[in-house]
Amino acid sequence: MRWFGFRPSTLVTMCGIVGYVGPNADAKAIDVVMEGLARLEYRGYDSAGVALVADGAIASEKRAGKLVNLRSAIEAHPLPDSSTAIGHTRWATHGGPTDANAHPHRGGEDGKLALVHNGIIENFHALKKGLIAEGVEFRSETDTEVVAHLLAKAYAAQGDLTAAMQTVVADLEGAFTLLAVHADQAGTVVGARRNSPLVVGLGEGENFLGSDVAAFIGYTRQALELAQDQIVTITPESVTVMNFDGTPAEGKHYEVTWDAAAAEKGGYATFMEKEINEQPHAVADTLLGRTDEDGRLVLDEMDITEEEFRAIDKIVIVACGTASYAGFVAKYAVEHWTRIPVAVELAHEFRYSDPVVDDKTLVVSISQSGETMDTLMAVKHAKELGARTLSICNTHGSTIPRESDAVLYTHAGPEIAVASTKAFLAQITACYILGLYLAQLRGGTYAEDAQAVMKELSEVPAKLEELLGSMKRVKEIARFMADTRSVLFLGRNVGYPVAMEGALKLKELAYIHAEGFAAGELKHGPIALIDAGQPVFIVVPGPDTPHGLHDKVVSNIQEIRARGARTLVIAEEGDDKVEPFADEVIRIPHTSPLLAPLLAVVPLQVFALHLSTAKGLDVDQPRNLAKSVTVE
Ligand code: F6R
């Protein structure tokens, strides 16, 4: 899987990294790095670590769990004075959240190189195989350690950390920010970035590196923006930038105007707004590293054999809230590609029912947090009934994946706002990967198409970027509607769960009555709700959707408009048929019908966010709700 031209301009959220070099006499490196990590902890908090260069050696400490664990470990066993340090706060992608998998990772037999990494090295399996063949012993399950060993090897040959970095990045695929120090090169930190953030903080006789400016905002507001595929070397007195091919480059100097709180939110007013804008990355990162050298799909931790997957004759998706709507979307696609029947059950209903489930049933749980008690109990129930269980989850090491036979991780990065946004898109993406994997494994009509669909999925991030840049009118509509008391949402097929998700976002964020309906169901009752001025969002399928579904939805719009509804239509670019019946048309880029939910939900998220803001409500922490619902 490649990026197919997608060049992200927003931030990848996974992991926070910080680097510092100060004057020799200055022993404050550990304080600067720990302070930076505290400010970056929102980016990942399942483990943290630091490495310092001191007396020709690396001193390092790392701990699973929140930063406080690392702090206690350092207080118990203080690290030596140093003026050169790197640090990391992790959101696990490869390898669970353990002490061993925490960063920094050491490279070389002498362990003289230390490395921190944000992102995913797509080709790490192949690189690791090569290193193992050379006799390298690995101490962790991470993709990062592979790079640490490669860098140590290159340093041994070249004797310079910048040159070593240039050699190694040429072999890496995927998205990464890397920061490295070497025991024999005190006073130097070398960084590299590709599709993952890295900024330089410019000090007086000291310099900084960070995933974002929050890392060093307590020390300097002067910053340097790096372009993609660049290497930066900082010493106390210098900052040198070059491209991966070795040609000299210059960063773009700017002054940070944000305060520390705004810096954590990447300059956005709320975490939710930031997370909505991170959705291109949530999709792109979830797609990363899913194909082997032959282009065949591979999944994460699987204790289900290919034989068992082939024998599956039924899929039951269990989840709650937004995660369940991701499951509803997936049902349409997975049934279409695999011809396996898919049922979607609210986890708390499944748990207290007598479902028809046996060892040929695959129960797929979907959970951002991996801790939702209702979903966990459903997984346990499914296991008791003999089903095979697979978890789609955003949080490594959480309970639900641990209880499941297999895991497919979404790589949305930590979701801080209570209302789920980027996790929803990542969940749909992961479900699609699973569906295509099953299609490929079982053969049949869609096995051949799997790669084509994966390619089309890889084009979604760029479309999301385009869409996110065109939300001005949606924000205006939201502001005008601040006094609205009820909003309805309609959709058909994959648009139906999108309508339900739009309604849920509005309920939880703006405390407005909202309902999502299947558009075909209107005439069976709900149409009685329509009277003059009733706002209704309609998610219109693209004109090339099979079974004439597009025209059916256009008829539904006419029906409600004739009864006075104010129609807010979400339609594909170029779909002119909706124009005569729409009070507002919100355009989304063209994509194939099954992929459209990844785009169509975005205006609904933005609408709910801005309506909530217009009402002066707390967007990130709506009343009565918690991010992780750990009670039944
Ligand atoms: C809505 C929302 C919730 C969660 C649900 C499941 O915005 O966030 O509906 O989707 O509570 O949570 P997870 O995915 O953590 O199991």
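A residue counts as near a molecule if one of its heavy atoms lies within 4 Å of it. In this predicted model, 14 residues surround the ligand, and the closest are Ser367, Gln368, Ser369, Thr372 and Glu508.

**Ligand surroundings**

- Threonine 372 uses its side chain, where an N or O atom is 2.5 Å from an oxygen atom of the ligand.
- Glutamate 508 likewise contributes a side-chain N or O atom, which is 2.4 Å from an oxygen atom of the ligand.

**Helix H10 against helix H14**

- The crossing of H10 and H14 is right-handed.
- On the H10 side the contact is made by Thr322, Ala323, Tyr325, Ala326, Val329, Ala330, Ala333, Val334, Trp337 and Thr338, while H14 supplies Phe424, Gln427, Ile428, Cys431, Tyr432, Gly435, Leu436, Leu438, Ala439 and Arg442.
- Sorted by class, the contact of H10 with H14 has 15 nonpolar, four polar and one charged residues.

**Helix H8 against helix H14**

- The crossing of H8 and H14 is right-handed.
- H8 takes part in the contact through Gln279, Ala282, Val283, Thr286 and Leu287, and the residues of H14 that meet them are Lys422, Leu425, Ala426, Thr429, Ala430 and Ile433.
- By class, the contact of H8 with H14 divides into seven nonpolar, three polar and one charged residues.

**Backbone features in loops**

- Histidine 103 and proline 104 are joined by a cis peptide bond, with omega at about 0°, and proline 104 is placed in the loop between strand E4 (84-90) and strand E5 (105-107).
- Histidine 547 has a positive phi of about 65° although it is not a glycine, and histidine 547 lies in the loop between strand E23 (535-539) and helix H19 (549-562).

Technical notes. Residues are numbered from 1 along each chain as its sequence is written. This is a predicted model: local features need pLDDT of at least 70, side-chain atom pairs count only at pLDDT 80 or more; totals for chains, interfaces and linings use all residues. Side-chain values use heavy atoms; hydrogens and water are left out. A crossing is left-handed if the near helix is turned anticlockwise from the far one by less than a right angle, and right-handed if clockwise. Helices (H or I, at least four residues) and strands (E, at least two) are DSSP runs, numbered from the N terminus. Contact means heavy atoms within 4.5 Å. Ala, Val, Leu, Ile, Met, Phe, Trp, Tyr, Cys and Pro count as nonpolar, Asp, Glu, Lys and Arg as charged, and the others, Gly among them, as polar. A polar contact is a pair of N or O atoms within 3.5 Å; within protein, one must be able to donate a hydrogen and the other to accept it, and residues adjacent in sequence count only if both atoms are side-chain atoms.
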